[in-house]
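Please open the model in a viewer and keep the selection tool at hand. The tour below moves from one selection to the next.

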Amino acid sequence: MTKNEIPSHASVVVIGGGIMGCSTLYHLSKMGVTDAVLVERNKLTSGTTWHSAAQVRALRNSKNLTRMIQYSVELYSELEKETSQNVGWIQKGSLSIATTPDRLIHIKRQEALAHAYGIQASSISPSAAKERWPLMNSKDVLGAVWSPDDGRVSPSDVCTALSKAAKKLGAKIFEETGVTGILTKNGRVKGIETTNGTIMCNAIALCAGLWSREIGAMVNSKVPVLACEHFYLLTKPINGIFGNMPTLSDHDSHLYIRDDSGGLLIGCFEPMGKPIKPGILDEKFEFSLLPEDWDHFEPMMKLALHRLPQLESAEVKMLLNGPESFTPDGTFMLGETAETRGLFLGCGMNSVGIASGGGAGMNLAHCIIHGHTAYDLCEADAKRFAPVFNKIEHLMARAPEILGNHYDISYQGKQLKTSRNLKRLPLDSYYRKSNAHFGQYYGWERPLYFGKTSEPKLRFDKPDWFDHVGEEVRTTNENVSIFDNSSFGKIEVKGPDAESFLLKVCAGNMDREPGRVIYSAVLNQRGTFESDITAHRIAKDHYRLFVGTTSIQRDLVWFAHGANGYNITLEDSTSKYAVLAVMGPNSPQILNNCGASTLIELDYFKTGSSHIAGKHIRAARMSYVGELGWEITCKSENAPAIYSALITEGGKPAGIWAQTSMRIEKGYCATGHELDSDISPVEAGLMFAVRKSGGFIGQESLEKKLSEGRVPSIVSLKLHDENAMPLGNEPVYWKKKIIGQTSSCAFGYRVKAPIALARLSFQLIDNSEVEIDIAGDRFKATVVHGPLYDPMGYRMKSFL
């Protein structure tokens, strides 16, 4: 093989030579993959990386996304020492200003979050902000937050340094090498075909930016990403710019501003972006830009002139219009696809590719080599999107809104407006007649609450729906409510090996007799959560697993990967069945009046069959809300008749927010909130969902955690001030030190106080007093081990 000849085989092939591709190649090499190959159809950085504004701001909305970017900061600052390649790292900090009261609350919440994650951030006055940015018009500024550790880099130089270091470690890079096909066998990657030949490989890292969707389609893998136009203005040098300055974030005006070669760079994320249809950006789009669009930019220009009056006399260098790729929820995709084993995604960076690239590339390399990211990144999981979001018409509608939401205030209850009504529940029309306010989860439209008369105004204080949700909780507590959990994922496990299979992949007592309901942890080899499930054992060779709404694709793939050697079948039956939870003290009376009296005799965590309105149902006696109740499963087409019968007998519909409030009062953990792959059943206090007999995935690691003296770390918190509004992720203080963070939060209507679940770094005794930082204000709270509300006086573990 000559120096420029592609190899016939590589352990991993990286597709794409932007920041994600170069970072992934570098980290693969650092982790010991000595024969990794990167192919780029044009030149390195020639897609979107080269024109990036390249801001690196560490703070994100979760601990691990922040941790990931903190890694990027450390990497970029050290790369020059490693490679002698200047990466243009400039660490001058960032300044976030607020011109509205809600924005001020928002940035103060971010400041509190920064403290929880160990990031320097401090509130400063408008006059102090003016000192840091003298050119700024500060007359309407109410306050600001200063973050001294933020910075920026030269994107092309970073990629040069990463590729240089990777090649020293044995990696090879082939430019002018386009991918024409992906080879698979039995659903697994075997190689790629390129314009310069075929490379057989074990894994592919798809880091092709806004072209990733079309490459994924080569093997029918869904990669929901779409390009939008992204604008920033460059001026020639102006008076008042001396050296490098902090990045100025005026998010009320949708702007970010910094110095650039003695002039200004003024970028925007306008309220509604401009999508780019597939096919417009073809293989010839290399170091290219899109046409200037001054009409589209004009509203942003007016806002920039208000903030920077000197801009009026500045000479414009250019209005840069470069494409950036966006996903349906504004977070990148990282990990193995659901459809093709060995095909890993690192794309859809939502205009934060440079900030994320160092840490995201490290985590993608870790995922390829070890089978999982270095720490939990469930919010970036490549399998989190419903397949419907890959349709181009939905991406064309959603991506511009995602761009426009880039600087939105993080209000509670905020819902996206585009690409809605993609998946409707069997009772959707009934709920609309009952004035439901809907939220979208994995494409499903689910009632959040009922009784809406107008669109709620988003706010940080008591929300418009407060009394509606309170009435639903009261009805559940005093009478009976019906919650629709039809969107929960359902997996049928059938076959002679069903029990032995589930005993391997689930940690719970999956060998319970038919007719039992089983709650179980689903662990990985590290002894931490992949998921948690509720299973109905319908027959000796048939289980029905219930998983979270957004978890179905990920969990189904996890179980399928563990099914080799077992004589079973797995089926996604989510749409086939509806689930209605009948909850409240009068639920036995309603069931009796509907002709299902045999269900009343069921013991807790038992399941049985009956009929309502002449339709077959299977019901489980269990409760997610801390009230007496039964969860009814029926065929989706039978749901209207059954629901009508329940309503006729006095049931009232209730939404997710009432259910969530009661879940938190009951102290129940939820996947994606309290449970993820960084926590085990030991710390979660869920060892009752783990059987003593062993033989399950993760057993050895779990035993090691127990031997190390790990203890439960999740507690309930009851705030003393009924006007406090925790939303989640607030730092928890004890004796002036941060000892944890809130996760799930709500108002507890039954305990008449704001409530939260929180994970603490060490144990406190019951009734200890802590403080929660909400937007800079400290609110006292009482620590409770166990539920804040437990009317039935027993715990789930007694029945497992």
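**Starting at a helix end**

Select G118, which lies just after α3 and takes a positive phi of about 75°. The model is predicted: local features need pLDDT of at least 70, side-chain atom pairs count only at pLDDT 80 or more, and totals for chains, interfaces and linings use all residues. Residues are numbered from 1 along each chain as its sequence is written, and side-chain values use heavy atoms, with hydrogens and water left out.

**Helix α3**

Next, select residues 101–116, which form helix α3. Helices are DSSP runs of H or I with at least four residues, and strands are runs of E with at least two, numbered from the N terminus. The expected span of a helix is 1.5 Å times one less than its number of residues.

Colour the buried residues of α3, among them R103, L104, H106 and I107. Buried means under 20% relative accessible area, exposed over 50% and partly exposed in between, with a 1.4 Å probe and protein chains only. Which strands cover these residues? The cover includes β4 (94–98), β5 (122–124), β6 (143–147), β35 (731–734), β36 (737–748) and β38 (769–774).

**The nonpolar cores**

Now select Y76 and L79, the residues with the most contacts inside the largest nonpolar core, which has 60 residues. Such a core is a set of buried Ala, Val, Leu, Ile, Met, Phe, Trp, Tyr and Cys residues joined through side-chain atoms within 4.5 Å. Elements supplying at least two residues each include α1 (19–30), α2 (63–83) and α3. The largest share, 8 residues, comes from α8.

Around L79, show Y26, S84, V87, V158, A161 and L162; L79 touches each of them (contact: heavy atoms within 4.5 Å), not counting residues up to four places away in sequence. Then move to A498, I612, I617 and L646, which belong to a second, separate core of 55 residues.

**The cysteines**

How many disulfides does a search of the whole structure find? The search finds 0 disulfides, a disulfide being a pair of cysteine sulfur atoms within 2.5 Å. C634 is in none; the nearest cysteine sulfur, that of C594, is 12 Å away. C634 counts as buried, at 2% relative accessibility.

**The whole chain**

Finally, zoom out to the chain, which has 18 helices and 39 strands. Its C-alpha trace spans about 80 × 65 × 50 Å along its principal axes. Of the 800 residues of the chain, 60% count as buried.
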